[in-house]
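Open the model in your viewer and keep the selection tool at hand.

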Amino acid sequence: MPEHCAAYGCANRRTIANRGQGITFHKFPKDKDMRKKWEVALRREGFTASKSSVICSEHFKQDELDRTGQIVRLRDGVIPSIFSFPVHLQRPEKRRTKSTSRKAEESLSVAPQDDPEASTSHSQPQPNDDHSYVLPASPTALKARLNEALARVESLERERKNAMAREKRAKITVRSLLGDLRENNLINEELKERLDFYSDLQIDFKAKQGHEYSKDHREFALTLHLHGPKAYEYLRETKSLPLPHPHTLQRWLE
């Protein structure tokens, strides 16, 4: 599967950092007509999307993304519309032809000079919809854009909290567990004093590769399982701590 976004000039890839920022990747639609609209929107000459081509969420409006579930999905019928095209790919502005310009000049010269309505109609500036950075004219559009920004902030805040929770779990030490085990009567005072020797040991068994555990990790796991099997099972099953499986401990003893 491609690891990068198919949009022109987009360098977003499937990385942990981008995922932490709320950037998601979405495959091209299976419907041929909708897939063609996506390909046209990219403005990449000769580009044809494959079954594994993806576009990142940076090219969709926030209200086009459904973030209510665990997986971010696109709403039905949306087309990517947010791009940073170079000058040669930008859509040219419509200009008057020479004949049209001449007719306009003739109409201006014929119009009475003292007619305020005629002069006012020609002097009013025309809105330019090509500049997306201009604030929307209507309050409804402005509110919609504000809601998009708020949704983006909420998504980033949620990802930040999840990252902090993962980091906190990685820093769990034996000291923080002993009180819980003693409080639930899963270890006696004698075993607690014996395990106090490993109080600063971090429970990071999952970070180990294969059986490359440190001597302290081995001793702690064996001691706890030997003298407090219920406490060991409680930490593995209830607390979901990455302690070695009892079969692994048996192999160590052998």
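How much space lies in the second largest pocket? About 630 Å³. A pocket is an open set of points on a 1 Å grid over the protein atoms alone, where a 1.4 Å probe fits, with protein on both sides within 12 Å along at least five of seven lines; lining residues have an atom within 4 Å of a point. The volume is the space filled by probe spheres set on the points, which are joined across faces, edges and corners.

The model is predicted: local features need pLDDT of at least 70 and side-chain atom pairs pLDDT 80 or more, while totals for chains, interfaces and linings use all residues. Numbering starts from 1 along each chain as its sequence is written, and side-chain values use heavy atoms, without hydrogens and water.

Select Arg 19, Thr 24, Gln 70, Val 72 and Glu 159: of the 21 lining residues, these are the closest to the pocket centre. Then show helix 5 (139-170), which gives the largest share of the lining, five residues. Helices here are DSSP runs (H or I, at least four residues), and strands are E runs of at least two, numbered from the N terminus. The lining has five nonpolar, nine polar and seven charged residues. Nonpolar means Ala, Val, Leu, Ile, Met, Phe, Trp, Tyr, Cys and Pro; charged means Asp, Glu, Lys and Arg; the others, Gly among them, are polar.

Next, select Phe 28 and Phe 47, a tilted aromatic pair with 6.0 Å centre to centre and 50° between the planes. Rings of Phe, Tyr and Trp (its six-membered ring) pair if their centres lie within 6.5 Å; planes under 30 degrees apart are stacked, over 60 edge-to-face and the rest tilted. Phe 28 lies in the loop between strand 1 (25-27) and helix 2 (32-42), and Phe 47 in the loop between helix 2 and strand 2 (54-56), so the pair ties together parts 19 residues apart in sequence.

Finally, show helix 8 (residues 215-227) and helix 9 (residues 229-238). Ala 221, Leu 224, His 225, Leu 226 and His 227 of helix 8 meet Pro 229, Ala 231, Tyr 232 and Leu 235 of helix 9, where contact means heavy atoms within 4.5 Å. These contact residues are seven nonpolar, two polar and no charged.

Terms used. Axes fitted to C-alpha atoms, helices over the stretch in contact; angles between N-to-C directions.
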